[in-house]
Structure formats: structure tokens, C-alpha cells
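Have the sequence and the model open side by side.

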Amino acid sequence: MSDARWFDERFMSLALALGRRGLGNAWPNPAVGAVVVRHDGEPVIVGRGWTQPGGRPHAETEALRRAGAAARGATLYATLEPCSHQGKTPPCTDAIIAAGIVRVVSAIEDPNALAGRGHALLREYGIAVDVGVGAAEARRAHAGHIRRVCDHRPHVSLKLAVSADGKAGLADRKPVSITGEAARARVHLMRAMNDAILVGVGTALADDPQLTCRLPGMAAFSPVRVVLDAGLQLPVTATLVRSARETPLWVIADERAPAEAEAVLVARGVEVFRIPASSPSPLVGEGWGGGSRDYGAAVSPSPTPTPDPARAEPRYSDGADTQRSDRNRQQPISVEGEEKAADRPSAIRRPSIRARLDLLAALRLLAEQGITRLMVEGGPTVAAAFLTADLVDEAVLLRGPTLIGPDGIDALEALPLAALTASPELRSLGIETVGADTLETFERA
């Protein structure tokens with residue numbers, strides 16, 4: 001390997017590390033990293049940058065700003081092709097040209113048809129462009145952006161925690177601690193690196209989770225919480241609802257769910273989205289909220305469409321096409337007196353229809369809201385549905401050392417754990433020890 005190639009890989013590695021700082025907080029834009037280096041002899045780093053929270057400023061302009069006049073005659077390393085379109089901020093290519101950069105090294109090209117003319121434009125201005133250094137790692141780092149542009153859905157990471165005998169919980173959905181502190185800390189870090197985290201309403205009702213990042217000093221990096229709740233069963237007393245003004249909560253419901261239930265949730269800062277049911281079926285004497293333990297979170301797997309980058313809508317828009325929803329961050333609404341009867345789920349009349357939410361429709365809805373990376377954390381019905389629909393791009397399987405017993409809840413509803421561990425669609429990247437537990441990572445084969 002030549003010295004020049006060695007330096008290129010070294011500085012691209014740094015750019016990738018910088019870009020990871022934006023994972024989970026740069027959406028709807030990709031979390032890019034950039035480094036400005038002078039090669040007047042021994043290489044010297046004169047500027048570093050990464051995509052800032054909310055997607056702007058971009059990494060390239062941040063690195064150039066820090067480099068100042070030292071950028072003239074320097075090389076810019078970027079983990080993704082610099083954008084060439086006008087969004088909420090000017091194109092990065094304009095800043096690169098104006099700064100006097102003489103060479104750009106990009107890990108990968110941008111699949112976005114609108115933003116992906118950066119390399120051609122830079123070459124037109126006489127700037128040398130090299131593409132491909134660190135490409136494999138960059139594709140992983142930008143998997144959310146690529147998936148959203150090409151497939152119109154987020155990159156999906158499934159997290160499962162199972163006991164030594166492959167169970168996810170005690171009988172009757174009673175909570176149980178499966179993994180230790182070190183593994184739980186890893187999960188919280190995963191949450192911080194995803195834009196959103198998704199559970200079914202069965203898990204929300206049984207576990208009353210927070211779904212936030214509770215690592216010291218990282219509460220602000222908590223992802224958007226998403227609950228699949230076809231019938232809007234989620235009560236106002238749920239921890240998720242009570243914290244909706246601090247950490248956004250989105251609920252995806254069937255289009256026929258009661259309007260009264262939606263109004264109760266919206267009044268407390270929850271954002272409710274509705275999608276059509278994929279296969280509604282009347283159930284005599286059984287309405288939303290009764291029957292199955294994951295009832296209301298029932299999902300219908302939909303086949304993933306073949307990626308077609310040519311049809312991809314421009315989404316790397318710096319906010320021009322898709323913006324984060326800020327409706328969750330409104331000022332608190334004062335609710336005086338005792339809880340009204342209409343605020344209690346039992347007081348809201350629910351039709352006798354069991355809805356099955358279309359997973360692909362839910363994912364596309366999230367992509368339209370700007371979500372690029374989605375962590376699916378439960379429960380067994382939702383996890384099995386994502387696997388069955390071939391919508392899992394990455395998975396983390398945590399195994400604890402204790403036994404729960406044959407009466408415990410299986411990790412995947414009506415599926416063996418081998419549906420994940422032996423899936424032909426996924427390959428294992430290896431197993432590591434995390435405290436007393438093990439962690440195995442899978443990615444799409």
C-alpha cells in the first residue's frame with residue numbers, strides 16, 4: 001500500500017468516526033463526517049466536522065468553517081458525496097469550491113438523484129475527486145439514508161433479549177430482568193444511535209417502558225418513541241404518554257380507531273398517525289382492547305419492494321422536502337380537575353373490528369417523517385412480523401445466563417428463535433461477551 005493510500009484510509013477512518021456522532025440526531029439528513037487535511041509535507045488536519053443535530057449545518061461546511069483560510073489548497077475527506085442542491089442551506093459543493101479545496105476524497109456516492117451531482121460538479125471546477133476509500137464502512141454508517149432513498153423506508157434494527165433457554169419473559173407477560181447492567185447500557189447506546197424506537201402496544205401495556213436513553217448525560221439523545229396501536233388502547237397513565245412532551249411519542253393507529261381516543265392522546269402531546277388496516281376482519285363480541293395479549297399491535301407483514309434508486313424521491317433535502325415534526329414540542333396544555341371519564345380507555349366505545357396494521361405502510365410513514373434508522377425493541381408479535389416480512393436489516397441478540405422455564409414467553413411469536421439465528425436473509429457478524437451476557441450481531445446477507 002502506498003503512503004498516499006495509507007493516509008487516505010487513515011483520514012477517512014477519522015471522518016467515519018466523526019460522522020457517528022450524528023447518528024440518531026441528524027435525521028432527516030445522513031450523519032456525515034468530514035476532515036480537511038493539508039498535504040504540504042507531513043499531513044496536518046486543519047478542520048473537522050460532522051452533521052449537526054437536526055441535519056444542519058452539514059459536515060463539510062462545518063469542517064471548512066473550522067479550517068478557515070487553511071482550507072485553500074487542502075484535501076477534504078467526506079464519508080458521503082457532498083450535496084449539490086439548494087436546501088435550507090446552500091450546497092456543500094459551493095462551499096468546497098469557494099474554500100479553494102483542490103481534492104475531495106469521498107467514501108461513497110449519494111444514491112439521491114437530487115443531491116448526487118456533487119462529484120460531477122466538483123470535477124467541472126477542476127477539483128480532483130476520488131471515490132471508494134472506506135466504502136464498506138460508509139455503507140453501514142449511511143444505511144439509513146440509503147434505505148430511505150432507495151426503498152422509502154428506514155433501516156430497521158431488531159433487538160432481542162432472551163434467556164439461556166430462549167425465552168423473552170415470564171408467563172402472563174410479567175416483567176423479568178434477562179440481561180445485566182453492561183448489556184442494558186449497550187442497549188441504551190443503541191437507542192441513542194437510532195432516530196426512533198418501535199414497540200407494539202402489547203409491550204407498552206405490559207411493561208410500561210420509558211424507551212429513552214438513560215446513560216448519564218445522554219437523555220437529550222433519546223429517540224422518538226413509536227407505538228403500533230391499531231385501536232388506540234394506550235392509556236394516559238402510561239409512562240410513554242406522561243413523558244410525551246419531554247421525548248416525542250408517535251402512535252400509529254388504524255384509520256378507523258376512535259377519534260375520541262386520539263383527541264385524549266393529542267391533548268397530552270402525543271402525535272397520532274393513521275394508516276389503513278391491511279386485512280380487517282369482524283370479530284363478534286370482541287373489540288379493540290380484548291383478546292390477544294398483543295391485540296391492537298397486530299401487524300400484517302408486507303413484502304419489501306425491490307429497490308429502485310431511479311424512482312427514489314429526493315429526501316436528502318436539508319429539510320426542503322421532509323422536516324421533523326415539531327408538533328410534539330408544543331407548550332403544555334393545562335388539564336384541570338379530576339381525570340375525565342373520556343380520558344379513560346374503558347370509557348371510549350371501540351368498534352368490534354380487529355385491525356392488522358400494514359408494517360410496510362408504517363415504515364413508509366416513518367420515512368416520510370424523516371426517520372432513517374429505526375430500532376425495533378418488541379414485543380414477540382412485532383418482532384416475528386418484521387422477520388416474516390423480511391424487513392429486518394440488522395439484528396442484535398442478547399443472551400442472558402439464567403433460565404426462565406418452559407412456561408416463559410417465546411422471543412418470537414409462533415416462530416422458533418432459529419427464524420433469526422438461521423435466517424438465510426441474515427448473517428452473523430460474531431459474538432462478543434458483555435458482562436455476564438453475550439451479544440450476537442446480524443446484518444442482511
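This is a predicted model: local features need pLDDT of at least 70, side-chain atom pairs count only at pLDDT 80 or more; totals for chains, interfaces and linings use all residues.

## Ground rules

Residues are numbered from 1 along each chain as its sequence is written, and side-chain values use heavy atoms, with hydrogens and water left out.

## The overall picture

The protein has 13 helices and 20 strands. Those are DSSP runs numbered from the N terminus (helices: H or I, at least four residues; strands: E, at least two). Of its 445 residues, 55% are buried, where buried means under 20% relative accessible area, exposed means over 50%, and partly exposed is in between (1.4 Å probe, protein chains only).

Take the contacts between residues at least 6 apart in sequence: 76% of them join residues at least 24 apart. A contact here is heavy atoms within 4.5 Å. The accessible surface is about 18500 Å², and 52% of that belongs to carbon and sulfur atoms (Shrake-Rupley method, 1.4 Å probe; for residues, only the protein chains shown count as cover).

The largest pocket holds about 1000 Å³ of space. Of its 32 lining residues, R140, H155, R373, E394 and E443 are the closest to the centre. Elements giving two or more residues to this lining include α5 (135–141), α6 (143–151), β19 (426–434) and β20 (437–444). The lining splits into 14 nonpolar, five polar and 13 charged residues.

As for terms, a pocket is an open set of points on a 1 Å grid over the protein atoms alone, where a 1.4 Å probe fits, with protein on both sides within 12 Å along at least five of seven lines; lining residues have an atom within 4 Å of a point. Points are joined across faces, edges and corners, and a volume is the space filled by probe spheres set on them.

## Cores

The largest nonpolar core has 42 residues, and L198, L366 and F386 have the most contacts inside it. Apart from that one lies another core of 35 residues, including A63 and L64. A nonpolar core is a set of buried Ala, Val, Leu, Ile, Met, Phe, Trp, Tyr and Cys residues joined through side-chain atoms within 4.5 Å.

A63 and L64 are among the buried residues of helix α2 (residues 59–67), whose cover includes β1 (33–38), β2 (44–50), β3 (75–78) and α3 (92–99).

Most residues other than glycine have a negative phi, and most peptide bonds are trans. The R56 to P57 bond is cis, with omega near -5 degrees, and P57 lies in the loop between β2 and α2. The G378 to G379 bond is also cis.

D390 has a positive phi of about 55 degrees and is partly exposed at 29% relative accessibility. A414 has phi near 65 degrees and is exposed, at 76%.

Conventions. Ala, Val, Leu, Ile, Met, Phe, Trp, Tyr, Cys and Pro count as nonpolar, Asp, Glu, Lys and Arg as charged, and the others, Gly among them, as polar.
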